[in-house]
Amino acid sequence: YILAITWLPACVVFYERNIKAKCAHKLCGCCVCPKICPPPPGEEPAKPEMRPLELFFQGKFTDTIVRFRTFLSVFLILLLVGTTVAWTIALSPATKEPTFFDEDHPYSVAQSIHQNEFQATTDELKVATYFVYGIDNDEPIDRDGSHPADKNYLGIPQFNGIDLSSSEAQQDLIAICQEVLDDAIADNLAPIADGSYCFMEDFKLWRENNGEDFPFEGTEAELIDALALWKDAEDMYGGANRSAFIPNYHDSTGYGTNADGTSMTFAFVGFNSTLDFSNSVTFDKMDVAYKGWQSLMDDQNGKRSISGFQTNFFWGWYATSSELTSSAYKNIIISLALATAVLLVSTQNWVLVGLSLVCMYTILSLCFALLAAAGWEVNVLESISISVATGLSVDYVVHVVLAYNESESKTRIDRLRDSLTTMGVSVLSGAVTTVFACSSLFGCDLLWFFQFGTFVVVLCSSAIFVTLTFLTGSLALLGPEGEFGSFARYLQRGGSPPGSSNKTEPVHEAVPQVEMSGTA
């Protein structure tokens, strides 16, 4: 943009002053000199001939648009509604993490074999959901001084501590494990009845198997010592050695203590969920699972002496997918609002702004519907593309609308003809060059380049199609004539209400005639 408003005009001025004005045949004597030399004194300069494409836009194309303007305007509304319904239903959040290459790429194939073919029980593995206590529910980790790219320092956990020394707290923790598992199975959130891992349940079985009372009575430090004895015991599972089929038992449930082992900082229990440990879990399934487990967590927090939060391996990606989708759509709204503000300032006509806004949204909606039909989902790369979509598509609409607004013709048909004559070639050329430039990205192995190239090609094709058909048809049918829809005069000092006029006749001052010489 900076080069277009500085360097390019400077080149034009240099040509006019130093080449055209001095007659190029004195410099080169070539055959094209008569075309670029100024006419002899006293002769009118020849009117520049229109190029074939300009003649096409001025004549046949405009006539065709005018002929079908009603059909195009009605079809614009149908296209807007239809594509909106289509992409709203079909364009869903991502179901898996972004990949660098296509599924058929050798790298992706090798990675898939490594992850799936060498794990015979992959399809049987279930992702656990954990109920965590003793960590701050609102801000579990203090992120001050951390950075997402620094894996060595991701923040400091905010421990509030949990005191399980009371009988009520111990009984509540066991009741949570039993009741939540039953409810989860009933809601199809957990697969099996033996799908919970609660260290307090096994601690209770161990004590009762050894003839000791439960709940444990004593201080918090004494409870921690008793739990340490239980963890070191060979029969810590109360006679049923769960380590035979739970090799990572202490990753499924447990607790943590402070440095001197006198107080408990946190505790957690685990539940098997119905979510498979694979990349095939859809966003809708994650959404149902998250809301279901959160409902169970809220229910237990409301009636127990201890409260906490629930977490799952998939919740990070679930939150990321939700944020990517919502952020992309928010960016569209913000971009459309900014484009509307620019159009309001530049055209100062609410009719043109309204038609432009409808067409800009239709361009985006058509593009999203086409991508949804191709099986796209809103992932990281798609979210970035959607965020810049408005900025890439608004140019075509703005050029045609501004040219219509600047036309000095009286009728809307003539103003549209002027607009297409002056800007039709420009917007078409811009779209063609952009499409051809991005087509080179189709040969890239890296998936992001291929997807971005596809997105730009689809977006620009949608933009030029909607602009040169439906926008022009709407302008031919509803485009403002005269000062209709204009609020420019009301913004000026001394503006008058509709129906009145404060115009004055222009004063023409005599301009002295200056005799121009050949070297002026």
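Glu481 is partly exposed, with a relative accessible area of 32%; buried means under 20% relative accessible area, exposed over 50%, and partly exposed in between (1.4 Å probe, protein chains only). This is a predicted model, in which local features need pLDDT of at least 70, side-chain atom pairs count only at pLDDT 80 or more, and totals for chains, interfaces and linings use all residues. Residues are numbered from 1 along each chain as its sequence is written, and side-chain values use heavy atoms, with hydrogens and water left out. Helices (H or I, at least four residues) and strands (E, at least two) are DSSP runs, numbered from the N terminus.

**Salt bridges**

- Side chains of opposite charge can pair when their charged atoms come close.
- The whole structure holds 9 salt bridges, a salt bridge being a side-chain nitrogen of Lys or Arg within 4 Å of a carboxyl oxygen of Asp or Glu.
- Glu481 is paired in this way with Arg412, and their closest N and O atoms are 3.8 Å apart.
- This pair links distant parts of the chain, 69 residues apart: Glu481 is in the loop between α17 and α18 (488–491), while Arg412 is in helix α16 (residues 412–439).
- Arg412 is partly exposed, with a relative accessible area of 24%.
- Salt bridges that share partners join Asp172, Glu179, Asp299, Lys303 and Arg304 into one network.
- Within this group, Arg304 forms a salt bridge with Asp172, with 3.7 Å between the closest N and O atoms.
- Asp172 has a relative accessible area of 10%, so Asp172 is buried.
- Asp287 forms a salt bridge with Lys291, and here the closest N and O atoms are 3.3 Å apart.
- Both Asp287 and Lys291 belong to helix α11, where they are 4 residues apart, about one turn of the helix.
- Asp287 has a relative accessible area of 18%, so Asp287 is buried.

**Helices α5 and α17**

- Two packed helices are described by the angle between their axes and the distance between the axes.
- The axes of helix α5 (residues 69–90) and helix α17 (residues 447–478) come within 8 Å and cross at roughly 125 degrees.
- Axes are lines fitted to C-alpha atoms, for helices over the stretch in contact, and angles run from 0 to 180 degrees between N-to-C directions.
- The two helices are therefore oblique to each other; angles under 35 degrees count as roughly parallel, over 145 as roughly antiparallel, 65 to 115 as roughly perpendicular and the rest as oblique.
- On the α5 side, the contact (heavy atoms within 4.5 Å) is made by residues including Arg69, Phe75 and Leu79, and on the α17 side by residues including Phe470, Gly473 and Leu477.

**Backbone features**

- Most residues other than glycine have a negative phi, and most peptide bonds are trans.
- The peptide bond from Phe214 to Pro215 is cis, with omega near 5 degrees.
- Pro215 is in the loop between α8 (199–209) and α9 (220–232).
- Asn188 is not a glycine, yet its phi is positive, near 60 degrees.
- Asn188 lies in the loop between α7 and β4 (196–197), and Asn188 is exposed, with a relative accessible area of 56%.
- Gln348, also a residue other than glycine, has a positive phi near 55 degrees.
- Gln348 lies in the loop between α12 (315–347) and α13 (350–373), and at 27% relative accessibility Gln348 counts as partly exposed.
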